[in-house]
Amino acid sequence: TGSIGTRENAANSTMTEMYNPPKVSDVKLRPYPHEERGKEFGRPADPVKFLQATEQRARERQVAYETVRLLRKDVISCYRKEGVNHYDNCKDVVTAYYNTVIKKDVGQVQPDWSDPAMKDGW
């Protein structure tokens with residue numbers, strides 16, 4: 001019987017968490033130092049720095065995708081919670097989701113490219 005009570009408590013805790021205020025991070029990301037491909041033969045001047053910058057861009061892209069996923073989850077839970085009143089009560093959640101989705105590269109932090117044409121296509 002102990003495991004059944006635990007399951008019920010777990011189910012009840014997830015239902016009440018739906019009514020808690022959303023958790024928002026105050027972290028502001030800033031552009032990172034990067035190394036671009038060289039103009040001659042496309043080789044970077046510092047290959048290690050170039051690989052680190054490539055990995056950093058991949059992490060930034062993943063953070064951007066996860067941010068969109070979490071915002072989408074917030075929109076869905078707001079729609080379910082508010083029901084027919086979602087047009088009025090979920091407007092700010094939907095606006096935050098929309099403003100993030102329409103950004104270039106889904107709001108991913110990009111470095112300052114010296115030549116925008118050489119951007120790696122991310």
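1. Let's start with the term you'll need here: a disulfide is a pair of cysteine sulfur atoms within 2.5 Å. Searching the whole structure turns up one disulfide. Before going on, note that this is a predicted model, where local features need pLDDT of at least 70, side-chain atom pairs count only at pLDDT 80 or more, and totals for chains, interfaces and linings use all residues. Residues are numbered from 1 along each chain as its sequence is written, and side-chain values use heavy atoms, with hydrogens and water left out.

2. Which cysteines are joined by the disulfide? They are C78 and C90, with an S to S distance of 1.9 Å. C78 sits in helix α2 (residues 47-82) and C90 in the loop between α3 (86-89) and α4 (91-101), so the link ties together parts that are twelve residues apart in sequence. Helices here are DSSP runs (H or I, at least four residues), as are strands (E, at least two), numbered from the N terminus. The link of C78 and C90 is left-handed, with -100° about the S-S bond. Both C78 and C90 are buried; that means under 20% relative accessible area, with exposed over 50% and partly exposed in between (1.4 Å probe, protein chains only).

3. Next, the largest pocket, which holds about 1,600 Å³ of space. On a 1 Å grid over the protein atoms alone, a pocket is an open set of points where a 1.4 Å probe fits, with protein on both sides within 12 Å along at least five of seven lines; lining residues have an atom within 4 Å of a point. The volume is the space filled by probe spheres set on the points, which are joined across faces, edges and corners. The lining has 35 residues, and K23, V24, L70, L71 and D74 lie nearest the centre. Which element gives the most to that lining? Helix α2 does, with 14 residues.

4. What about salt bridges? The count comes to one, a salt bridge being a side-chain nitrogen of Lys or Arg within 4 Å of a carboxyl oxygen of Asp or Glu. E66 pairs with R69, and their closest N and O atoms are 2.8 Å apart. Both E66 and R69 lie in helix α2, three residues apart, about one turn of the helix. E66 is partly exposed at 31% relative accessibility, and R69 is partly exposed too, at 40%.

5. Last, have a look at H86, which lies in helix α3. H86 counts as buried, at 16% relative accessibility. A polar atom of the H86 side chain lies 2.8 Å from the backbone oxygen of G83.

Definitions and conventions. Polar contact = N/O pair within 3.5 Å; in protein donor to acceptor, adjacent residues only side chain to side chain.
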